[in-house]
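This briefing covers charged side chains and their pairings. Please view the structure first.

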Amino acid sequence: MKFPSRRLGRTAIAVAAAGGLMFCAGVSYAGYSSENLSVKGGANRVQGDRSEVVKRAIDKGRAQNVILLIGDGMGDSEITSARNYAYGAAGSFPGIDALPLTGSYTTYSLTKEGRPDYVPDSAATGSAWATGTKTYDNAISVDIRGKAQPTLLELAKAKGLKTGDVTTSEIQDATPAVQVAHISARSCYGPVATAKTCPEALKENGGRGSITEQLLDTRPDVTLGGGAKTFAETATAGRYAGQTLLAQAKSRGYQVVGDRDSLAKVTKADQSKPVLGLFGEGNLPVRYVGPKATRTGGTTPAARCTPNPERPATQPRLATMTRKAISLLDNDKGFFLQVEGASIDKQDHAANACGQIGETIDLDEAVQVALAFAKADGNTSVFVTADHGHTSQIVEAGENTPGLTSTLLTHDNAPMTISYGTAEEGGSQQHTGTQVRIAGYGPKAANIVGLTDQTDLNTTIASALKLPSRLPRR
């Protein structure tokens, strides 16, 4: 992995010099072996005083670039279970756990009347960091009165920065959509659903169009993910009426690619030839498969996850998409990039521990790519967080609990039982209202320390990039 390096700031030099979090003399993360965990201090993660580590991580400067990585539904329990499985209880993620500054933020949404809704969805939570404005569940970057709010991606583009939106879900799904669209319901992917659910948004009614049509109008320099199915729908009004959305994209200059090799061949992405990567009809297949949770899963023999045979080799992985997006966006003026590991949430809904663990590992690999670039560049901030918490919990192994459980054999060669208790078998497990972790590296990252709210992340990123407060009038 190699990125162009123009300048090295003080923080990046300190980090790069010793690797990861071990960038202060006398401070390191303790080694791990099963033999030393039982002795005093054997499970310690830190040796020495971390004060200098934190000091050196604080950078009050301005970021030229910001990379925001979202683990959808990635609460503390999802991070911990994936870490246990992949690296062991005393191990650590080389990406997610390597950011030097951490905090927690609240994720509640609002009702249309303005009261707190303690258990939010991805649309409202994504809108909160994208726009700095809390809204109701299902809403995409509009306030509770339905008024469109400018997004970080739109403001970055208005400033002249390059922009990107990467996901393992359909690119019209809530988290990627909050940066490029404004609509009353997250389900309005294309003209068909919009006519039924969001008729006020139809172009023939004077609206902005469906999420896909708004994406094409917003025109990020790089958009990568799934969701090709919706592009087969036909525009019903406007300049491109009668054309499929895919034909419209091509006629508007988009470089449309559909697999890993075609993405690798792209050498440039800008407003004259933005890149639109559509790597699946719907959401992209996950990394791992394994036993789903059942009512007796806590007492069944511990299993290991296995590679998903339905994940094609031609599909670019999240780390690959992240690396390519960064290389296409890197320029002298700066960029804003959002990256989502989407199916941590989707597999949590399905009570599929292996699915959510594999997606968390995939996200960690993307975080490693982002951090490597940031350390070499010296003027890039990286933020890693989730949109909301989810249902899975690590519970006592060898016992059944109310709800559904599955037991996996971890890196420690020990059983780990994960419980899902918010829906009956065959139903969809639900989000939770817990605060979630946020971690940062680079200029302005100290603003995420302690307890903040999701809307604070919008302020932090906007301040780091010195974005305008509003879009220019059309």
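The model is predicted, with local features needing pLDDT of at least 70 and side-chain atom pairs counting only at pLDDT 80 or more, while totals for chains, interfaces and linings use all residues. Residues are numbered from 1 along each chain as its sequence is written, and side-chain values use heavy atoms, leaving out hydrogens and water.

**Salt bridges**

- The structure holds 16 salt bridges (a side-chain nitrogen of Lys or Arg within 4 Å of a carboxyl oxygen of Asp or Glu).
- Arg-83 pairs with Asp-97 in a salt bridge, with the closest N and O atoms 2.9 Å apart.
- Because Arg-83 lies in helix α3 and Asp-97 in the loop between α3 and β4, this pair ties together parts 14 residues apart in sequence (helices are DSSP runs of H or I, at least four residues; strands are E, at least two).
- Arg-83 and Asp-97 are both buried (under 20% relative accessible area, with exposed over 50% and partly exposed in between; 1.4 Å probe, protein chains only).
- A salt bridge also joins Asp-121 and Arg-186, at 3.2 Å from N to O.
- Asp-121, Asp-173, Arg-186 and Lys-346 are linked in a network of salt bridges.

**Glu-154**

- Glu-154 sits in helix α5, residues 152-159.
- Glu-154 is buried without a salt bridge, and the nearest side chain of opposite charge, Arg-208, is 5.0 Å away (Lys and Arg count as positive, Asp and Glu as negative; His and the chain ends are not counted).
- The Glu-154 side chain reaches the backbone nitrogen of Thr-151 at 3.0 Å.

Definitions and conventions
A polar contact is a pair of N or O atoms within 3.5 Å; within protein, one must be able to donate a hydrogen and the other to accept it, and residues adjacent in sequence count only if both atoms are side-chain atoms.
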